[in-house]
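Thanks for passing this one along. Below are a few friendly notes to read beside the model.

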Amino acid sequence: MQVDFYHLTVAPLDRVLPSIAEKVLGSGGRLLIVAGDSAVRARIDQLLWSYSAASFLPHGQAGEAWDADQPALIAEGVSPANGARNVALVDGLWRDEALDFERAFHLFDEDSIGAARVAWRALGEREGVERRYWRQDENGRWAQVA
């Protein structure tokens, strides 16, 4: 299983998450997007409809109609009602349930860097977990640094 740590230093979540979701959905995968705060989930819901004037990402919020049919599902917990094998933890909090997926995207900013470091070290001791750490350069491009 692969865990990608994305350190948000230049571009905010609102620009990074749609890009990740596009790639997952574009490859035929499904994505579970996890945030504990209902206000964050509502913001992500609006973001995925409006992040681009030319397109949107089909999605829904967990607990509404058609959860199983949603290519991207926004949820409070790590339970893939849409059958996702990819999970994006977007509130800076690592959840060990993400290890049940094929790939996890752990997005965090400066406010949650301490918790991300703890998760990085803990996952390094887990068998079968491949970790990658991505950071933005001054131009906003992603570079794998570990």
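Which residues form one aromatic cluster?

1. The cluster. F5, F108, W120 and Y133 make up one aromatic cluster. Please keep in mind while reading that this is a predicted model. By the pairing rule used, the count comes to 8 aromatic pairs.

2. F5 with F108. The ring centres of F5 and F108 are 6.4 Å apart, and their planes stand at 75 degrees, so this pair is edge-to-face. F5 belongs to strand β1 (residues 2–7) and F108 to strand β6, so the pair ties together parts that are 103 residues apart in sequence. Both F5 and F108 are buried.

3. Y6 with W142. Here the ring centres are 4.9 Å apart and the planes are at 80 degrees; since planes over 60 degrees apart count as edge-to-face, the Y6 and W142 pair gets that label. Y6 is in strand β1 and W142 in strand β8 (residues 142–144), so the contact ties together parts that are 136 residues apart in sequence. W142, at 29% relative accessibility, counts as partly exposed.

4. A charge over a ring. Do have a look at W120 of the cluster: R131 lies over its face, at 4.0 Å from the ring centre.

5. The largest pocket. About 270 Å³ of space lies in this pocket. It is lined by 14 residues, and the closest to its centre are Y6, S19, I20, K23 and F105. Which helix or strand supplies the largest share of the lining? That is α1, with 6 residues. α1 (13–26) and β6 (103–108) each provide at least two lining residues. By class, the lining divides into 7 nonpolar, 4 polar and 3 charged residues.

6. The second largest pocket. Its volume is about 150 Å³. Which residues line this pocket? They are L8, L13, V90, D91, G92, L93, L107, F108, D109 and S112. The lining has 6 nonpolar, 2 polar and 2 charged residues.

Definitions and conventions. Residues are numbered from 1 along each chain as its sequence is written. This is a predicted model: local features need pLDDT of at least 70, side-chain atom pairs count only at pLDDT 80 or more; totals for chains, interfaces and linings use all residues. Side-chain values use heavy atoms; hydrogens and water are left out. On a 1 Å grid over the protein atoms alone, a cavity is a set of points where a 1.4 Å probe fits but cannot get out, and a pocket is an open set with protein on both sides within 12 Å along at least five of seven lines; lining residues have an atom within 4 Å of a point. Grid points are joined across faces, edges and corners, and a volume is the space filled by probe spheres set on the points. Helices (H or I, at least four residues) and strands (E, at least two) are DSSP runs, numbered from the N terminus. Ala, Val, Leu, Ile, Met, Phe, Trp, Tyr, Cys and Pro count as nonpolar, Asp, Glu, Lys and Arg as charged, and the others, Gly among them, as polar. Rings of Phe, Tyr and Trp (its six-membered ring) pair if their centres lie within 6.5 Å; planes under 30 degrees apart count as stacked, over 60 as edge-to-face and the rest as tilted. Buried means under 20% relative accessible area, exposed over 50%, partly exposed in between (1.4 Å probe, protein chains only). A charge sits over a ring if NZ of Lys or CZ of Arg is within 6 Å of the ring centre and within 35 degrees of the ring normal.
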